[in-house]
Amino acid sequence: MSKLVILLLFMLISYAACDVTISNPEKSVRLGNAQSYKIRCLITAPDVFDRFSNPQYTSSIQSDPSLTYATTGNEHDLDIKSMNVFIAGVWTCYSKQGNSDNITLKFSPSVITPAKKEQTLIKDQPGAIYIDIRGYPQPDFVWKKNDTVLNITDRYSVASNGTLLISKVQTGDNGTYAATATKDFYTAESGNIVVKLLVAPSINGTSIRESRTSGGNISFECSASGVPTPNITWTKGSDVITNGGRFTISASGLLIMDIEPNDAGDYTFVAANSVGTKELTFSLLSVHVPPVIAPLSPNEEVEKGKSLSVNCNATGSPTPTVEWSKNGIVLPTSQQTKSPGKSVLTLTNIQTDQGGVYECSAMNAAVDSMGNVIKPSQSVQVNVVYPPQFQNVVETFHVRLNSPARILCNAIGIPVPEMKLSYGSKDLQVVVTANSTSSSLTYRINKTSTDDLGVYTCAASSRLNTIEKKITLSVPLDKPEIYNVKSTCNSVSFSWSHDTQNYIKVSSYQVTVTRSADQVQVKTELASSNTSQALYTGLEENTEYELAVKQKTDVDNIGYESSKKTTTPSCMF
């Protein structure tokens, strides 16, 4: 027997003798807040301890006063001095050789931070009713409003700590709310939370810019609403206007009578409450008619790589000069074409970084009482859209049988892509999170079986296009590495390594010899699972061949392939 075979047998015997065992009698235990508990991991030599790990635990064991680690001989203890929800989860003891055992620490739903009994929401803004209830496994939350269960769809979503998130607060969202967290017959309650609805000031009125003859009258019509009721103030510049004399302030607006030259300027209607401030400014001009820009569409959509043209027209006396700008910088002549009272915004081969707010402004000789040029403007939001694209997608996920697994798939695009995952002809239930430009899909498997292994199809779609990505869920396998290649002028022999992880059975090996020059397979066979070498004759001299060995397993599409090139020498006669 060769020294190499003896060494391999010794390594296999040593590996088989290694063992990692968590000696606690329970594989799953529920612990209460501040309860103490000890996890003991036994490791059989020659294997050695590596670490304790818990995917849910984000702190450091060394710096956490609630945890200590100690070792005595082959006993490795993780001592929990004071249990809390952040320690809960699946704790795994790993050895240096990759062996492991685990135990699950459960934590009943508990109120971590008591909720404020009175909270507020602001209409037309994102809102949240804050609570902090946690547990492991993640508890299920039920929210009630005025003793009626809320349907958590559309505008509502629930954060991991139970907080109720509202995408856009509406009228009628005020009321009495309460949440209940449940898991495995254990519950925790938030108690009643009285929610009041606040409404930012809303102005009913239209800004005007007009000139008047001295001695005439002008009326600025404007009113406001909100909760609480807004305080109304009229200002001219930095001065507050008081009711009396030539100025009359009423619920419907401001009336200025017997206009004087120094009345020219900007008059601002200010509505303010505890939520915010809303302003609307009116201008009184004296001589010239200020520019007025024809209404522009506030939003323009264009597909990446295409062109966009927007006309901006303005009237006034004298005829205004019109120009386009972005971020305060006037666009070059390559992006706008000017003519009297008009400017055409032209964007060609548009890219995503060219999206944003474009401002059209107009000006002439009209000035206010301070001599400042009156320059009205309108904004156009240019939205650049593009079809879905996959981003940082891992095409192969490795998982151990009977263990949890997850598949991730990310895509970008505008509009944001819709995500779907299928296995064969079956669409799977997944969790999708999205923002303005990207979507992320997560599919979780609680306990992986061979039925779960194989090729999944992730699809990202929008109204522009649909794309697909194949994702393989596989168990760990050692590649069949090719070695000991020996070539003669008309033959080749080689060996390959076997899988040592034994997570799935390798049933056979597909062995091929391919001529590199024309990619013709000259030799192919299906070798048995216990075969580890091959010899092929009848080859051509001075020819490069590619040797390939592919694993065949009990699951379709699960198995690695390795290849190596070799060249036959000349035959010497």
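A residue is called buried when its relative accessible area is under 20%, exposed when over 50%, and partly exposed in between (1.4 Å probe, protein chains only). The structure is a predicted model, in which local features need pLDDT of at least 70, side-chain atom pairs count only at pLDDT 80 or more, and totals for chains, interfaces and linings use all residues. Residues are numbered from 1 along each chain as its sequence is written, and side-chain values use heavy atoms, with hydrogens and water left out.

**View 1. The disulfide of Cys312 and Cys360.** A disulfide, defined as a pair of cysteine sulfur atoms within 2.5 Å, joins Cys312 to Cys360 with an S to S distance of 1.7 Å. The link of Cys312 and Cys360 is left-handed, with -90 degrees about the S-S bond. Cys312 belongs to strand β29 (residues 308–317) and Cys360 to strand β34 (residues 356–363), so the pair ties together parts 48 residues apart in sequence. Strands (E, at least two residues) and helices (H or I, at least four) are DSSP runs, numbered from the N terminus. Cys312 is buried, its relative accessible area being 0%; Cys360 is buried, also with 0%.

**View 2. The disulfide of Cys41 and Cys93.** Cys41 and Cys93 are joined by a disulfide (S to S 2.0 Å). Cys41 lies in strand β3 (residues 37–44) and Cys93 in strand β7 (residues 89–95), so parts 52 residues apart in sequence are tied together. Both Cys41 and Cys93 are buried.

**View 3. The disulfide of Cys489 and Cys571.** The S to S distance between Cys489 and Cys571 is 2.0 Å. The torsion about this S-S bond is about 95 degrees, so the disulfide of Cys489 and Cys571 is right-handed.
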